[in-house]
Amino acid sequence: MKRIIIAITLLTLVTGLKAQQTDTTKKAGRKMSSTDSLLNAMSPEDKHQDVIGAFKATRLILSQTTTTVKRNNLNFLVIHRFGDIGTPTGGGHTLIGLDAVSDVYIGFEYGLSDNLNVDFGRNTIGGLIEFGLKYAVLHQKMDDSSPIAITLFGEYGVRPYGSFTSYAARNSYLGQAIISRKFTSALSLQVSPIYVYSNTAIPDLFGNDKGFFALSGAVRYKFTKHMSLVVDYEHPFSSYRMDHKFPDPLGVGIEVETGGHVFTLNITNSRAVSEINSLSNTQSDYARGQFRLGFTISRMFDFNHHEQWKTSN
Amino acid sequence: MKHILLILLAWLTVHQAGQETYVCKNVKVNLFSSAPIEDIEANSTNGVSVYNAGTGELEFSISIRSFHFPKALMEEHFNENYIESDKFPKATFKGKIQGHVDLTKDGTYPVTATGDFQVHGVTQIRTITGNLKVSGGVVTMTSEFMVKCADHHIDIPQIVFHHIAESIRIRVSATYTQLKNNNPSK
């Protein structure tokens, strides 16, 4: 008796499901054939795939993003910060600061694998030379089995010029965990806890913290297929810097990507490009007119050849 | 009782699938666009297809994300800017082959299929020609046709670096296996 009941229940379930199926297909205005259902059953699930394009570039205005350079790709970066717009040195005299250069970064990022990058670059401020490693630990998945992406970034910076007590005194270190989420196809957010340590405090003032934590947050909002609004903010948790009213670096910009190139045109109060410098030593303040235009040019070179790909496929 | 249930279930599935159903789980699709700087090409190898030789019904479903390009950026742009694979994850064809093909005889038969071709969420009724080859009981279907980007509301932005042509050439190749009575599912 029990078995019969189970059998009947199963049968009703099956027919019930079938009825539901025809319901939904009727709504779609198309008859569901057995071929359809077989095709649907066979189709591989897409949902476990990585979410792509949370950020178009490896950098926003101030911060690194979770995005990495793909294997055998080389990213060439030129980042500029101009002079103050709103101080007496700005204005028409220097064409809103365009005649003055606060900082220039020229650098390269190379993808050893899709997840591991080596970075190298040089800044005008302090002549700081940087060597970085970036590793994408976790990718955001479409089914939210991983709702976020995590990328780790570590770098070593050295100031080769100027007088220091020893070689070691020239060194700085920065480590951060970048956590991002692409909420919709247009909106991506990221936060990164950062630790910076400089053997000689930047700026080298009595009582300044050599090492401190910082937090950065950034938003990207894509308003056309190729243009986004980006906002980037950093806050150093350093008692010296807070006591001496160092303003937090804040940047707002427009990012344009053209396939291969990514341009960012921005306004920031930070004079420096390098995070080691901008977190340690941003003293310019929007309120005093100390903000500037800046731009980032990122050009991707892909060394994977079409012919090679053809033979391997 | 258990046995009866099993038989019942098997009978149901057989009715659904039938003897004349052919399936392919590794449909190969190649898309190609000549472009001024560099030709753009991508391959997918895990599309699925069902062919019902009895009714002539022929269906394809290809996951957009399964297309791989030689260059990572091309792949990202294809997904993000052209096909918008997060919104429209699949390209499908659901149609019927005109006339009857005798699959018991070896040979190459030119075939014509008419049906709904959907890419980028836009459906077009297309008549697509191809070849059906039977060789020792193995059924292979191949086809080559053009797809106009404009027909599927795929915009070609003017500022991008990797320009694609207005028409994309598609090549499809599928080798089918027959669904057996004693092994109805999968």
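The largest nonpolar core here has 39 residues, and B:Val23, B:Val27 and B:Phe78 have the most contacts inside it. By nonpolar core I mean a set of buried Ala, Val, Leu, Ile, Met, Phe, Trp, Tyr and Cys residues joined through C-beta atoms within 7 Å. Buried means that 20 or more other C-beta atoms lie within 10 Å of the residue's own; exposed means 12 or fewer, partly exposed is in between, and C-beta atoms are placed from the backbone.

This is a predicted model: local features need pLDDT of at least 70, side-chain atom pairs count only at pLDDT 80 or more, and totals for chains, interfaces and linings use all residues. Residues are numbered from 1 along each chain as its sequence is written, with chains lettered from A and ligands numbered from 1 in the order in which they are written.

Helices (H or I, at least four residues) and strands (E, at least two) are DSSP runs, numbered from the N terminus. What does B:Val27 touch, not counting residues up to four places away in sequence? The list is B:Gly47, B:Val48, B:Ser49, B:Phe60, B:Ile62, B:Val172 and B:Ala174. Contact requires C-beta atoms, placed from the backbone, to lie within 7 Å. Another core, of 14 residues, lies apart from this one, and includes A:Leu77 and A:Val273.

Next, where the chains meet. The contact takes 30 residues from chain A and 35 residues from chain B. On the chain B side, H2(B) gives the most, with seven residues.

Now chain A. Twelve strands, E1 to E12 in that order, close into a barrel with antiparallel pairing. Strands count as paired if DSSP finds at least two bridges between them. One such pair is E8 (residues 211-222) and E9 (residues 227-237) of chain A, antiparallel over ten bridges. There, A:Val219 has A:Val231 in E9(A) as its bridge partner.

Helix H2 of chain A, residues 34-42, has A:Thr35, A:Leu38 and A:Leu39 as its buried residues. Seen down the axis of H2(A), they fall within an arc of 100°, so they line one face of the helix. That arc is of the directions from the helix axis to the C-beta atoms.

Last, one residue of chain B. B:Glu144 is in strand E7 (residues 138-148) of chain B. It counts as partly exposed because it has 15 C-beta neighbours inside 10 Å. Leaving aside neighbours within four places in sequence, B:Glu144 is in contact with B:Arg169 and B:Arg171.

Key
Contact = placed C-beta atoms within 7 Å.
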